Amino acid sequence: MSPDATILCTLPKAPTGIVGLDDITLGGLPAGRPTLFCGAAGCGKTLFAMTFLVNGITQFDEPGVFMSFEERAADLTANFASLGYDLDGLVAAGKLAIDHVRVERGEIEETGEYDLEGLFVRLGYAVDTIGAKRVVLDTIESLFSGFTDPSILRAELRRLFGWIKDRGLTAVITGERGDGQLTRQGLEEYVSDCVIVLDNRVQDQITTRRLRVVKYRGSAHGTNEYPFLIDGQGISVLPVTSSGLMRPVSNEIIPSGIFGLDSMMRTGGFYRGSSILLSGVAGTGKTTIGSHFVDAACARGERCMFFVLEEGADEICRNARSVGLDLKQWVERGLLRFEASRPSLYGLEMHLARMHRDLDAFKPDMVVVDPISAFRGPPTEVHATLLRMLDLLKSRGITTLFTSLRTETTEGEGTDHGLSSLMDVWIKLVDIEANGERNRILYLVKSRGMSHSNQVREYRVTDSGVELIEAYIGPEGVLTGTARLSQEAREKAAAKRRLEEVERRRREIGRRRDALERQIEELRANLEVEEEEARKLLAEEEGHEATLAVDRAVFAARRGAAE
Amino acid sequence: MTEDESPPKDLPPEADQISDPDSDPGYFQLRLYVAGQTVKSLAAMANLKRICEDHLAGHYEIIVIDLLKNPKLASGDQILAIPTLVRRLPAPLKRIIGDLSNTERVLVGLDIRAKDVGPKDKDL
């Protein structure tokens, strides 16, 4: 198989179908070659091997042979039934062959030269019967306990791996971790194409499984230790590599669901895919605001995931109902999913790993993590984990709300695991204690890429949700709560008084105008009377004058006649 | 091992002359697994025949199984090494691997000669 593959193209690979492992190995295990999985007891070697086979059958139509040197076929079937693998069904369908090789030294007497041709015959027979492409040998090192002469075994193993390669079988060989070397019997010496080490580490009483590709001939591969997960859904390996900062950005604006909050930003909401940090001390309503975000997103028909670390899903739903939010309806409609787990249940890596898997499965548009301050551990590790969590979410364009508890000691511009500088939006909730009451105010400390209000807002948690109120900012300073109310009442009274004064003056002016107008009327009436009299006098005067003239004429005539 | 009658371990082969496998507790049913006519296989066959004739004359049966012809049979008797001699009867099942060139060990392996005979011989 391999000689032809010397062209630029990479080695032919056999995908394992295990989430993440194929990413790390850039396609899968080397096809037609053996791969060694080694690790201490309980690392999941057998599980990896069986998953490789079952996925090969169900996803890639490659039948497989499982040669077990430890567990009996019936035990394997029972154990893997818990993962939903129907081994009996696969065997019956002629896709899977399980051969249990029992090695018991007590039953074997060595009486001269021998080889392990029997093993070859059995493997060859099983492979030929079902046309297998994949083979698992689990754990072949058990042979070393069955035979006294390791030199024969080593020679035979070398021959076996050569034979596997010649047959073009993709093989997984498992081996127990040994002291100072990868496996007890140094299997890595024979299986040198691809070696994957599994590890199960306990730190602070928390177990984390990790996987590392030690070598992979002829192919690049991820070199880190990657956490992996074994649960009811099988294995998932999480290539939580910190991706670069090249990611698509969205200009779409999505409202928060809290009216007053949106109006604090000129855009009327947050950018889709942005990360929002909501920090506040206990009892400032972080979860409630988070519920608002979720409710608004679900109402838009978006899918949401709520990662809760301190409460249960039902508690969140019940508490949200008290502020008038019905989150249960979204859960029922399949738009909202809660993932509740105690932070101490797994290590940080495992939390990240689970989140990775959940995101892949549910594909949400919005995620709320409540709260990130619940992650405890060495600060650098917590920071690195959260950074990767942020990267993970951002690279998928998921809008994320992180809540963070600020304690009294981290008061001030609390560091929040040093994450605040990485966030796009930082909303700070503050509890103000004054006049014998606590009031909640909110600042928009930052909101990248948009102009936003620099002013404080008071918010109240009411039966119908969170309400933002413009805090009183005036000559008296910033007032909240009843102080704001009484100040507002005082101002209202003063305003009323001013209004009454104006009215009174207006009436006064009216009255005076009336009085003046009346005076004007009187004067005008007097004037008219006087004018009348004057006119009369004048008329009389004129009459008098005319009479006089007539009289003079009469007199003149009379005088003229007499002369 | 059965409770009432444990199989005879040190039964001298010549003690009973009846050669009916059902009633003869000293009857040996042997299977020799080989893979083709290799040097080791041929040596094992020759050695087995000689040992049986010397120690179990008339009380044994040998079936030679060539796994190249019948690969299916390999898993039934848990065969890994070739050649393997399996003692089916008397119980319990015994496996002897190798070309059977070490007669002493074959006899011990088949319970024809007890393991602790060796040191006793030395004492004598």
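This is a predicted model: local features need pLDDT of at least 70, side-chain atom pairs count only at pLDDT 80 or more; totals for chains, interfaces and linings use all residues.
Local features need pLDDT of at least 70 and side-chain atom pairs count only at pLDDT 80 or more, while totals for chains, interfaces and linings use all residues. Residues are numbered from 1 along each chain as its sequence is written, and chains are lettered from A and ligands numbered from 1 in the order in which they are written.

**View 1. Strand β18(A) is covered on both faces.** Helices (H or I, at least four residues) and strands (E, at least two) are DSSP runs, numbered from the N terminus.

**View 2. β18(A) pairs with β16(A) and β19(A).** Pairing requires at least two DSSP bridges between two strands. Strand β16(A) (residues 304-308) runs parallel to β18(A), joined by 5 bridges; Met305(A) has Val367(A) as its bridge partner. Strand β19(A) (residues 399-405) is also parallel to β18(A), over 4 bridges, and there Phe402(A) stands opposite Val369(A).

**View 3. Helix α12(A) spans residues 348-362.** Its 15 residues reach 21 Å from first C-alpha to last, close to the expected 21 Å (1.5 Å times one less than the number of residues). Buried residues in α12(A) include Leu348(A), Leu352(A) and His356(A). Just after the helix, Lys363(A) takes a positive phi of about 50°.

Definitions and conventions: A residue is buried if 20 or more other C-beta atoms lie within 10 Å of its own, exposed if 12 or fewer, and partly exposed in between; C-beta atoms are placed from the backbone.
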